[in-house]
Structure formats: C-alpha cells, structure tokens
Amino acid sequence: MTDRATPLPDLDQLTETGLRAKGAGSILLIACGALAREILALKQANGWTHLDLTCLPAKYHLYPEKITAAVRESVARHRDRYDSIFVVYADCGTGGLLQAACAEMGVEMVAGPHCYSFFEGNDAFAAKAEEEFTSFYLTDFLVRQFDAFIMKPMGLDRHPELRDMYFGNYEKLVYQAQTDDPELTEKARACAEVLGLAFERRYTGYGDLKTALAGLQPPNTGPT
C-alpha cells in the first residue's frame with residue numbers, strides 16, 4: 001500500500017538547488033535533480049518507504065566536472081544517518097571519475113553511461129548505439145526544461161543562427177518518454193522542429209532505473 005500522492009517538486013528548484021532528504025528511510029538515494037520526479041513516482045507506486053531521496057542540482061548536467069565532488073560531499077554529509085547510500089547517477093560525462101569515487105567510498109551507483117542509456121535499458125541502448133550516433137535525446141525532464149538546458153545555455157534563444165553549428169550533424173531528436181503525456185509529446189515535437197531535426201517518440205518508461213531501485217532492500221529483507 002502506498003501513501004497518498006505528494007506534490008511534485010518544482011522543476012526550477014530541481015534545476016538550481018536540487019532536493020533535500022526527508023530523513024526517513026534506511027537507504028538514501030543521491031540522485032541528479034533531473035531524475036527526482038521519476039524516482040518519487042517509483043517510490044509512490046511501489047511503496048518503497050525504506051528509500052529516502054536527496055538530489056543535487058540538475059544543472060550539473062551542463063557541468064559534469066562538478067558532479068563527482070558534489071557526490072563526495074553529499075555522501076560524507078549523510079553517511080551516518082542511513083544504513084546505506086546508493087548513487088543515482090550514471091557516468092554522466094565524468095570520464096569514470098564518479099565510478100572511481102563511489103568505489104573508494106564504498107557506495108554503489110546505477111549502471112550505464114548516462115540516463116538516456118538506463119531509461120532505454122543499457123543493453124538495448126548499446127545494441128543500437130552505432131546506428132543512432134546522430135540522434136539527440138531528451139527525457140521528460142529535459143523536454144519540460146528545454147529552454148533552461150538547451151536554448152539558453154547554447155545561446156539559441158539569442159542567436160538562432162547558431163542552430164546548424166550545434167546540430168548540423170544530428171539527424172533526429174529521440175524523445176525518451178517516461179510517461180504517456182500527449183502534451184509533453186507535442187512539446188517534444190516542437191523541440192525537434194526548433195532544432196531542425198526529425199522526431200521520434202520512444203516510450204521507455206523507467207527502464208533499468210526501476211530495476212536498480214527495486215533491488216535496494218532494507219536490512220534483513222528479501223526481494224519483494
């Protein structure tokens with residue numbers, strides 16, 4: 001049985017400051033703010049009350065060199081309050097530094113090179129990687145925050161003529177949909193048009209993220 005639905009965290013808050021842990025549960029998830037809504041949805045649907053969640057700012061997606069140090073600091077700050085910690089970042093552009101840091105700290109992390117891969121399923125993503133190297137990916141979060149993560153950082157809101165310089169080698173935009181939301185699909189289609197790319201919607205659900213979190217059990221319990 002699950003608790004009643006709680007309000008979703010604000011997207012701009014997740015982008016700029018992340019999300020604080022509630023201090024409840026035996027296992028802490030340290031995640032990217034771009035995954036907060038998906039993780040909270042999984043917690044709600046599955047009754048995973050043993051999992052607590054804190055998120056680092058999603059804007060680190062744009063500055064991956066900041067991720068490893070921020071994860072280290074978060075682990076050090078929270079370690080004494082939980083039985084275990086699980087890092088819900090893939091490599092995410094850290095060049096293996098995050099995995100090395102997690103191994104050094106004795107904490108596990110979700111497998112995969114990035115969230116596009118584990119949403120698709122790491123094996124499935126790897127199988128089609130060679131034929132999709134000209135694809136640009138968006139998730140639910142990135143569609144919602146398209147201006148904050150694509151248009152403004154790249155200057156396309158001020159200089160649309162730069163579009164072809166950034167995206168001239170891409171052929172299509174693949175929207176990896178975690179939810180069935182027609183309005184979000186139309187927004188993703190509009191994103192593709194802005195970037196001058198063909199559009200494909202691919203429903204992934206939560207992919208390997210759900211599998212990874214389902215395997216995190218509190219002490220002295222077996223699989224659910």
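Predicted model: local features only at pLDDT ≥ 70, side-chain atom pairs only at ≥ 80, totals over all residues.
## Around Y206

Setting aside neighbours within four places in sequence, Y206 is in contact with E38, A41, L42, F118, F119, Q178 and T179. Y206 itself sits in the loop between β7 (198–203) and α11 (207–214).

Another residue to look for is C115, which is 91 residues away from Y206 along the chain. The C-alpha atoms of Y206 and C115 are separated by 9.9 Å.

## Helices α2 and α11

Two packed helices are described by the angle between their axes and the distance between the axes. Here, helix α2 (residues 36–46) and α11 have axes that come within 11 Å and cross at roughly 50°. That angle makes α2 oblique to α11. The crossing of α2 past α11 is right-handed.

Which residues meet? On the α2 side they are E38, I39 and L42, and on the α11 side L209, K210 and L213. The residues of this contact divide into four nonpolar, no polar and two charged.

## Helices α3 and α4

Now turn to helix α3 (residues 67–78) and helix α4 (residues 97–105), whose axes come within 9 Å and cross at roughly 20°. Because of that angle, α3 is roughly parallel to α4. The crossing of α3 and α4 is right-handed.

From α3, the contact is made by I67, T68, V71, R72 and V75. From α4, L97, L98, A101, E104 and M105 take part. The residues of the α3 and α4 contact divide into seven nonpolar, one polar and two charged.

Conventions:
Residues numbered from 1 in each chain as written. Heavy atoms only, no water. Axes fitted to C-alpha atoms, helices over the stretch in contact; angles between N-to-C directions. Helix = DSSP H or I, 4+ residues; strand = E, 2+ residues; numbered from the N terminus. Parallel < 35°, antiparallel > 145°, perpendicular 65-115°, else oblique. Left-handed = near helix turned anticlockwise from the far one by under 90°. Contact = heavy atoms within 4.5 Å. Nonpolar A, V, L, I, M, F, W, Y, C, P; charged D, E, K, R; others polar.
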